[in-house]
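Please look over the structure below with this briefing at hand. The points are grouped by topic, from the overall fold to single contacts.

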Amino acid sequence: MIAVQNIGTRSPARIRRQWVRRVLWGVLFGLMVLIYGSHAPLITLTKVNGQVPFNPSSCVFMIELSKLLVSLASLVLTEGTSALQAPPPLLRVAPYAVPALLYALNNNLVVLMQAYMDPSSYQVLSNLKIASTALLYSFCLGKRLRPSQWLALGLLMCAGVCHSYSSLDLGDPGRVEAEEGPRIHITAWGLFLVLVYCCVSGLAAVYTERVLKSQKLPLSLQNIYLYLFGVAINGLSSFSFITGEKSFLEGYSGVVWVIIAGQTANGLLMSVVLKHGSGITRLFVISCSMLVNALLSWAMLGLQLTPFFLLPVSMIGLAAYLYYR
């Protein structure tokens with residue numbers, strides 16, 4: 001009886017469903033990596049005389065608003081308007097304000113840290129959020145990771161550091177001094193802010209996953225709750241920084257709208273990962289996107305790749321094998 005039951009569980013229909021699920025997750029992962037990796041090169045393409053011509057705060061607001069509208073449309077098409085007829089209990093909606101506040105805090109920390117360190121130091125040290133996310137994932141969600149998985153996440157963090165260092169131009173100090181560019185530096189206050197940033201980043205991802213999985217609600221409805229707070233917080237931020245010199249949509253081009261569309265899709269796809277998968281997958285997406293970023297920068301912007309680039313590629317591949325085997 002046991003043998004017959006085991007054979008039944010490996011029926012062709014079950015195997016087919018497993019393969020379809022794997023293909024769908026692979027497509028989702030690939031799209032997210034492509035969107036993440038193309039973000040920085042696309043922003044570079046929008047620059048005019050070395051400056052971003054649009055208001056970044058208004059761009060973030062438009063992304064949050066787009067995610068809210070898409071979620072609302074998805075809810076109407078899939079679940080109908082019955083889910084919105086009665087006002088939801090405050091205790092059900094309030095938890096979604098926390099991720100919005102954490103992400104808003106992170107966005108402000110990124111700007112604040114630039115005054116206490118150079119961009120290259122930030123790029124290298126921000127990889128510590130892999131460690132903070134893994135620790136919070138294990139502690140807050142009670143997920144026990146195998147030693148090989150901890151090793152994989154360590155390799156993932158080292159790959160990020162190696163990739164960041166490989167992008168630094170340290171070969172010609174004389175030319176750097178002649179250009180009078182910013183030197184590598186970091187203060188004690190800057191180091192403290194980096195640690196806070198990494199902890200907040202990890203906490204935001206872990207808390208969002210916990211909220212999405214703890215409530216038996218349609219994902220589109222949960223996204224509406226989440227992005228309502230995102231629109232409110234980022235709306236206040238964007239309108240407070242707008243001056244009379246620039247209008248809300250001034251400097252927007254076709255590339256800017258592509259960025260908004262891409263980040264909207266990426267946020268919605270990430271909610272699918274956190275709802276039905278794991279926040280650790282997000283770390284692999286971010287790490288793989290660094291490689292896509294480098295390749296697109298080479299193809300679109302003419303930046304040079306060094307043989308050292310192969311090291312983080314190999315480390316990320318090994319990390320993925322160790323974690324998911």
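Helices (H or I, at least four residues) and strands (E, at least two) are taken here as DSSP runs and are numbered from the N terminus. With that convention, the elements of the protein chain run α-α-α-α-α-α-α-α-α-α-α-α-α-α from the N terminus on, which corresponds to 14 helices and zero strands. The model is a predicted one, in which local features need pLDDT of at least 70 and side-chain atom pairs count only at pLDDT 80 or more, while totals for chains, interfaces and linings use all residues. Residues are numbered from 1 along each chain as its sequence is written, and side-chain values use heavy atoms, with hydrogens and water left out.

- Of the 325 residues in the protein chain, 40% are buried, where buried means under 20% relative accessible area, exposed means over 50%, and partly exposed lies in between (1.4 Å probe, protein chains only).
- The expected span of a helix is 1.5 Å times one less than its number of residues, and for the 23 residues of H3 this gives 33 Å, which agrees with end C-alpha atoms that are 33 Å apart.

**Polar contacts of two serines**

- Serine 58 has its place in helix H3 (residues 56-78) and counts as buried because its relative accessibility is 0%.
- The side chain of serine 58 makes a polar contact of 2.9 Å with the side chain of tyrosine 252, a polar contact being a pair of N or O atoms within 3.5 Å; within protein, one must be able to donate a hydrogen and the other to accept it, and residues adjacent in sequence count only if both atoms are side-chain atoms.
- Serine 271, found in helix H12 (residues 254-276), is likewise buried, with a relative accessible area of 3%, and a polar contact of 3.3 Å joins its side chain to that of asparagine 223.

**Aromatic pairs**

- The structure holds six aromatic pairs, for which rings of Phe, Tyr and Trp (its six-membered ring) must have centres within 6.5 Å, with planes under 30 degrees apart counted as stacked, over 60 as edge-to-face and the rest as tilted.
- One of these pairs is formed by tryptophan 189 and phenylalanine 192, which are stacked at 5.2 Å centre to centre with 25° between the planes.
- Tryptophan 189 and phenylalanine 192 are three residues apart in helix H10, so about one helical turn separates them; tryptophan 189 is partly exposed at 43% relative accessible area, and phenylalanine 192 is partly exposed at 43% as well.
- Tyrosine 323 and tyrosine 324 form an edge-to-face pair, 4.9 Å centre to centre with 70° between the planes; tyrosine 323 is buried at 9%, whereas tyrosine 324 is partly exposed at 46%.
- Phe284, Tyr323 and Tyr324 form one aromatic cluster.

- Proline 218, in the loop between H10 and helix H11 (219-241), is partly exposed at 26% relative accessibility, and its C-alpha lies 9.3 Å from that of threonine 78, although the two are 140 residues apart in sequence.
- Tyrosine 207 has its place in helix H10 and is partly exposed, with a relative accessible area of 24%; its C-alpha atom is separated by 9.2 Å from that of leucine 136, which is 71 residues away along the chain.
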